[in-house]
Amino acid sequence: MTTLSPSPAKRVDLLPPLLPVALMLAALPLIGSPSAWVTLTAAGLAMGMMIFIMASGLTLIFGLMDVLNFGHGAFISIGAYVATLVLLPLAGWTQADSLALNLAALAPAILVAMAVTGALGLVFERVIVMPVYGQHLKQILVTMGGLIVAEQLLAALWGPNQIPLPLPAALRGSVALGDAAIEKYRLVAVIVGLVVFVAMLAVLGRTKLGLLIRAGVENGEMVEALGYRIRRLFVGVFMAGSALAGLGGVMWALYRESVTAGMGLEVMVLIFIVVIVGGLGSVGGCFLGSLLVALLANYTGFLAPKLALGSNIFLMVAILLWRPQGLYPVGKG
Amino acid sequence: MLDGLLSYDPPRSRWLALALIAILLGLALAPFLFPGTRALNVATKICVFVLLVASYDLLLGYTGIVSFAHTMFYGIGGYGVALMLYGFGPSWANVGLGVAAALVVAVVLALAIGLFSLRVKAIFFAMITLAIASAFAILASQLSSLTGGEDGRTYAVPELLRPGTRLAEGSLLGVALTGRLITYYLVFVASLVLFLVLLRIVNSPFGRVLQAIRENPFRAEALGYRTVVYRTLATCVAAAMAALAGALMALWLRYTGPDTTLSLSIMIDILLMVVIGGMGTMYGAVLGATLFVLAQNYLQDLMAKAADATAALPLLPRLLHPDRWLLWLGVLFVLSVYFFPNGIVGSLRRGDRPR
């Protein structure tokens with residue numbers, strides 16, 4: 001029944017993975033020009049990967065702890081703000097025309113952002129979420145309140161104006177692929193997204209820690225009865241999920257090339273759609289959902305801009321009519 | 001008589017009763033007690049938000065449904081009146097048609113959302129309504145030929161309600177008898193009546209079933225109540241009430257735009273008002289809305305003074321900056337979810353109970 005990582009012994013549900021592929025192929029004749037299709041698909045994939053990085057933490061936290069964290073968006077904003085603390089003083093490095101120097105600035109920025117959001121995740125779990133485990137209504141309210149407070153604190157500390165965050169020099173511009181031009185940063189986003197996805201699948205599917213997490217998703221009490229402290233697992237997953245949101249926040253901010261306190265909340269709507277489409281708690285479903293949402297948004301944005309805003313809702317309704325629990329339903333409910 | 005008006009659900013606390021009477025009197029005599037445009041604006045906003053928050057409490061507090069689409073219905077009401085008045089001229093018939101159209105749209109949408117929630121888990125509902133509401137807000141700003149886009153629509157209201165209209169020469173207790181005064185009392189009376197209707201609804205057998213569903217949906221189902229039908233009906237009633245609140249606000253503001261009706265920040269405001277006032281008590285909506293709107297309008301002045309007074313200290317002035325007022329209400333919100341789950345009303349009632 002687990003869907004976090006279908007092990008070889010089990011029958012793999014192949015229908016959902018075919019959806020993004022089918023969507024891509026269906027869009028080709030509609031768009032007509034192959035070069036435009038390549039550009040749009042690359043943009044869709046890059047956006048999907050970034051959404052996946054931000055959403056994966058949310059779905060994992062829900063899957064394991066049955067906590068719907070509306071405050072997840074706060075970690076996205078916090079990650080982005082913390083990254084500016086490193087990237088803006090190092091502007092000399094990021095704007096130098098050298099990949100090594102760019103990465104030397106970017107790597108610590110991402111690490112610091114993840115460390116800070118991870119640590120704040122611990123605080124958030126302890127202070128905000130812990131008293132309301134098992135009470136969904138209060139969870140939604142309290143984490144929403146946490147989001148408001150965090151957003152306001154960011155605005156108080158950094159000021160209400162948006163902060164420009166230019167891309168490192170080496171990641172600007174685009175690569176030509178035949179007639180099509182693909183922005184370099186989008187390629188980077190796809191690579192990072194794939195690395196995160198593969199790493200998550202590896203940890204969840206191939207390590208003892210992953211085994212415990214998957215077992216916790218299916219039946220937490222049984223894991224406890226076997227002598228494992230599921231509380232520690234909870235905290236660890238919450239921190240990891242928050243750190244992922246921080247990473248996603250940095251990437252999203254670099255993509256928009258600006259940072260605002262409200263950016264987390266803005267992207268939360270997309271993240272929720274992704275998580276619902278994928279099935280709450282399922283990492284694989286979250287990945288596919290991100291790709292579907294982002295691809296569809298890019299295609300409809302090109303084909304029928306007026307419809308673009310409704311495309312996500314339409315996708316969500318269609319998927320839920322097909323599978324009411326999302327693409328990969330997860331056991332706990 | 002009074003008991004009947006309150007649907008046999010009296011405040012059950014001396015302080016709460018006093019507060020409610022003070023608010024009622026304050027609102028009823030607002031134009032005379034607090035002259036000035038700003039004060040009257042605040043009073044109108046309180047009236048409308050009491051209705052809006054009470055209708056949301058029907059969902060959140062009484063039925064235990066977390067919906068983020070309530071501003072959508074509020075906006076539908078506002079736009080219904082706005083578009084009719086803008087497109088077909090200021091007449092009472094157009095106001096009526098606009099309200100009727102808005103009610104139909106709101107109830108049909110609520111029905112669709114409610115029936116949709118049949119298929120999904122309860123926790124999905126919050127997320128789905130958030131997505132739908134944000135899509136609707138984008139839709140309203142995209143269809144600029146119809147709705148005026150981000151700029152919204154400014155329109156004229158029927159003759160009787162215009163500020164230039166003089167009902168009689170001279171003034172009453174120093175207050176000129178203009179159309180604004182009539183609009184205010186229209187909003188006040190309509191909000192009061194609809195609030196009493198809501199109070200009636202939650203104290204009816206229907207309201208009891210909603211509370212049973214909130215406490216234990218499974219048991220309610222086992223007792224023979226179709227929980228889905230009741231939940232959907234509650235959503236529809238709340239949507240209709242929110243649409244009426246939106247229509248009242250549209251008449252008062254003579255302007256309807258996405259920021260004043262559909263934005264997520266208004267949804268968050270409503271959430272704060274319900275929780276701080278007290279979930280599951282209609283009176284909580286009155287206290288919550290009143291305190292919140294007053295804080296929104298006057299707390300900022302106070303914070304500006306505090307920020308000036310502490311200007312020499314680090315960080316504190318920034319936290320006390322008038323724009324950060326939501327920070328403090330957010331903290332209050334989180335604290336009240338933990339420590340006063342029944343909000344101000346719950347605390348007042350508990351304090352009054354004989355020990």
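# Questions on a predicted two-chain model

Student: In which helix is the place of Leu287(B)?

Tutor: This is a predicted model, and every value below is computed from it. Residue 287 of chain B falls within the stretch of residues 282–309, and that stretch is helix α15 of chain B.

Student: Is Leu287(B) buried or exposed?

Tutor: A residue counts as buried if 20 or more other C-beta atoms lie within 10 Å of its own. Around Leu287(B) there are 24 other C-beta atoms within 10 Å, and therefore Leu287(B) is buried.

Student: Which residues does Leu287(B) touch, and how far apart in space are Leu287(B) and Ala19(B)?

Tutor: Leaving out residues up to four places away in sequence, Leu287(B) touches Ala19(B), Gly277(B), Ile344(B) and Val345(B). Although Leu287(B) and Ala19(B) are 268 residues apart in sequence, their separation in space, C-alpha to C-alpha, is 8.0 Å.

Student: How does the radius of gyration of chain B stand against the globule rule, and what is its value?

Tutor: The secondary structure of chain B comes to 18 helices and 4 strands. For 355 residues the globule rule gives 20 Å, and chain B is close to that, so it is as compact as a globular protein of that length, with a radius of gyration of 21 Å.

Student: What share of the residues in chain B is buried?

Tutor: Along its principal axes, the C-alpha trace of chain B spans about 65 × 55 × 50 Å. Of the 355 residues in chain B, the buried ones make up 49%.

Student: Which element gives the most to the side of chain B that touches chain A?

Tutor: The contact takes 31 residues from chain A and 35 residues from chain B. On the side of chain B that touches chain A, the elements giving two or more residues are α7 (122–142), α14 (264–277), α16 (316–319) and α17 (325–339) of chain B. The element that gives the most to this side, with 14 residues, is α7(B).

Student: Why is α10(A) said to be largely enclosed by the rest of the structure?

Tutor: Helix α10 of chain A covers residues 230–256, and its end C-alpha atoms are 38 Å apart, which agrees with the 39 Å that its 27 residues should span at 1.5 Å a residue. It is largely enclosed by the rest of the structure because, of those 27 residues, the number buried is 21.

Student: Which residue in the hairpin of β2(A) and β3(A) takes a positive phi?

Tutor: Strands β2 (residues 174–177) and β3 (residues 180–183) of chain A pair in the antiparallel sense over 4 bridges, and the bridge partner of Ala176(A) is Ala181(A). The hairpin has 2 residues between the strands, and the residue with a positive phi, near 65°, is Gly178(A).

Technical notes. Residues numbered from 1 in each chain as written. Chains lettered and ligands numbered in written order. Predicted model: local features only at pLDDT ≥ 70, side-chain atom pairs only at ≥ 80, totals over all residues. Pairing = 2+ DSSP bridges. Contact = placed C-beta atoms within 7 Å. Buried ≥ 20, exposed ≤ 12 C-beta atoms within 10 Å, placed from the backbone. Expected span 1.5 Å × (residues − 1). Rg over C-alpha atoms; globule rule 2.2 N^0.38 Å.
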